[in-house]
Amino acid sequence: MAENLAIKEAVHEVGDNRWYQMRLGAKNVLPAAVAVVPLGLALGVLLVRVGLPWWSAPLLAGLVFAGSLEFLLIGLVVAVAPLSHIALTTLLVNFRHVFYAISFPLHRVRHKGAKIYSMFALTDEAYALTLHAERRNYSAIRILSIQSLFHASWILSVFAGALLGGLIPDSVKGLEFAVTALFVVLSIEAYKEYQSVPLTMLALLSVVVANLIAPQSMMVVAMLMYLLGLSALYLVRKHRSVKEGQHGE
Amino acid sequence: MANNLYLFSAIALSALVTFGLRALPFAFIRALRSSDLINYLAQRMPLGIMIVLAASTIPQDVLNPNVAWPVAVALTTTVVLHLFKSNAVLSVLAGTAVYVGILSWAL
């Protein structure tokens, strides 16, 4: 019986049953696609609330497709920040994506256009949901349906927020706090992944110093300081291990 | 206020930089997978970046007591809920609801 089941599963895995593969992808992405709805609504509401046109909501959500950055972008655009500042902020805030390539199963997606889409839609969630793709033998269709369904859910919820935002009375203030709360939650999650008091202190120190020396561009400066600090720690550690190696001889 | 050309440029530029960051590493994928420094940074970056992002999105005049207490109450709500429930959606919504509630009706 168990053997039969195993064979059945194996047949499904290799069979190019597109519909079945799409459903598997949908099943994988469902929790993320649902979780992102309130955040998308908040982004859409915020966008209209600060005075940006409603049609910029699907444009922003569809093209930039990087949730946390989009919130920051709204603030920058409203303040008419220089484009160089926008590019630099994007570079720093999304720099973590560089590391996603290390584990993302792009080689499983063969079609050239699909490959480009797959790289374009390599969000935090896409990265997290495909961590087991290699071991569990995800098909290209399954990977692409995870990414595209998540994309659709994000665009629709941001758009809905922008369209329905007008229904929320002006006396409701402070919706932008959703962003702060999101990053606080993500900080806690990051700490669970990498529990380090010294690195937490390094980050907080960067924030305080950056706030003193460059209050206008605190975020960018603080991130650079943190990265420099990390690189310094790396060099110190490498230097030390080289020295220890010499002592050992 | 931002005009449409500026708005388009800002979105296009940000989309382009984001795509570059996601796509370019695949051109050097072998070198990346074997670089010590990259692996070192990859493990340690999220923690600091998220803390900086959280700090930089806190309301500007947070040192003003009238702003400080709603922020403190909302942050506490988010953190405590998240430590006990580990449900990101719940923590974000509850913290935001508390903050919006205080700002809209209690002040």
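**Chain A and its interface with chain B**

The accessible surface of chain A comes to about 12,900 Å², with 68% of it belonging to carbon and sulfur atoms (Shrake-Rupley method, 1.4 Å probe; for residues, only the protein chains shown count as cover). The model is a predicted one, in which local features need pLDDT of at least 70 and side-chain atom pairs count only at pLDDT 80 or more, while totals for chains, interfaces and linings use all residues. Residues are numbered from 1 along each chain as its sequence is written, chains are lettered from A and ligands numbered from 1 in the order in which they are written, and side-chain values use heavy atoms, with hydrogens and water left out.

Chain A holds eleven helices and zero strands (DSSP runs numbered from the N terminus: helices are H or I, at least four residues; strands are E, at least two). Its C-alpha atoms fill a box of roughly 75 × 65 × 35 Å along the principal axes. Of its 249 residues, 45% count as buried (under 20% relative accessible area, 1.4 Å probe, protein chains only).

Turning to the interface, the contact (heavy atoms within 4.5 Å) takes 85 residues from chain A and 66 residues from chain B. About 6,800 Å² is buried between the two chains, and carbon and sulfur atoms give 79% of this area (accessible area, 1.4 Å probe, lost on being put together, summed over both). On the side of chain B that touches chain A, α1 (4-23), α2 (29-34), α3 (36-57), α4 (65-85) and α5 (88-106) of chain B each supply at least two residues. The most comes from α3(B), with 22 residues.

Technical notes
Buried < 20%, exposed > 50% of the residue type's maximum accessible area, 1.4 Å probe, protein only.
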